[in-house]
Amino acid sequence: MSLLIEILGSIALLLWGLRMVRTGVMRSYGTNLKRFARRSEGRVIPALTSGLVVAALLQSSTATILIAASFAGQSLISISSAFITMLGADVGTTIAVLIASQKFTTIPPFLLAIGVFGFIGSKENKWKNVFRAVSGLGMILLALLLISRTAGQLSELNQFRVFLQIFENQPVFFVFFALILTYLAYSSLAVVLLSVSFLVTGLIGLSDGLYLVLGANLGSGLLPLISNWRSSAIERTPVMANMIVRVICIAAFYPFVNYVTQFAIEFMSIELVPAFYHLSLNLTVAVIGIIFS
């Protein structure tokens, strides 16, 4: 019961951190983001880069995708440019995974201290919102550390081990299990890091860990689609295109997971494989998406 409370608390902290970062960035640099979005209109590399950078800063592709969709809805950028920005956002979260997987334990409290004391001491609204975003980033990284630590404790529970062993070598289960976790946590980043924790503790095998990564990526495409379902057709279109390309690439990667594990384990440590697999999948999604955008 205590582990469930810890997980719920960590997810709540993650969601609140995402909200603080998004609010702080949009209030302090929203106008600049809109101006940059206009300048990147019709150009692939600037649109892709803008999505990548914003997602890496926000630690959330979902938030970046929703921002790009709203810009398309306001006619600030075209549907095609919004779609390419979303592809960049998906790649940006892979960078966030690589950073967060290093588990820099001193960075989250450092960012929290700077953000909170800076917010209290600032008088200008712009700087208040900058420090709000910094404190939110600290919350996100702290929440990810807590989720990773809780995953380690989960692996010590015999009931949870038995539950996963029942579905061993059943990849469809792990894909949908990760999809559900991504929906509940509202973060594919958290689920990818969770799969790393399960791997390190020996709770699951490498193949099952990569199936979790596929499920998390499926969830990252589904989350903005659900959030944007009642929006205008212009806002929904790039989000649906992102989901379609993601499903196609996941279906293409799915049959070759076992081959990837045999190849990857010879070149890198087991805890790095999910992060680089996540990166390769999203780079493939970006390339295919740009070709057909």
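Predicted model: local features only at pLDDT ≥ 70, side-chain atom pairs only at ≥ 80, totals over all residues.
A residue counts as buried when its relative accessible area is under 20%, and as partly exposed between that value and 50%. A pair of aromatic rings is described by the distance of the centres and the angle of the planes. Here the count comes to six aromatic pairs.

**A pair within one helix**
- Among the six pairs is a tilted one made by W127 and F131, with 6.2 Å from centre to centre and 35° between the planes.
- W127 and F131 both belong to helix α6 (residues 125-154), and because they are four residues apart there, about one helical turn separates them.
- W127 has a relative accessibility of 46%, so this residue counts as partly exposed.

- F253 counts as buried because its relative accessibility is 18%, a value under the 20% limit.
- Y277 also counts as buried, with a relative accessibility of 4%.

**A cluster, and a charge over a ring**
- Three residues, F173, F174 and F177, come together as one aromatic cluster.
- F119 has a charged neighbour: K128 lies over the face of its ring, 4.4 Å from the ring centre.

How values were computed:
Residues numbered from 1 in each chain as written. Heavy atoms only, no water. Phe/Tyr/Trp six-rings, centres within 6.5 Å; stacked < 30°, edge-to-face > 60°. Helix = DSSP H or I, 4+ residues; strand = E, 2+ residues; numbered from the N terminus. Buried < 20%, exposed > 50% of the residue type's maximum accessible area, 1.4 Å probe, protein only. Lys NZ or Arg CZ within 6 Å of the ring centre and 35° of its normal.
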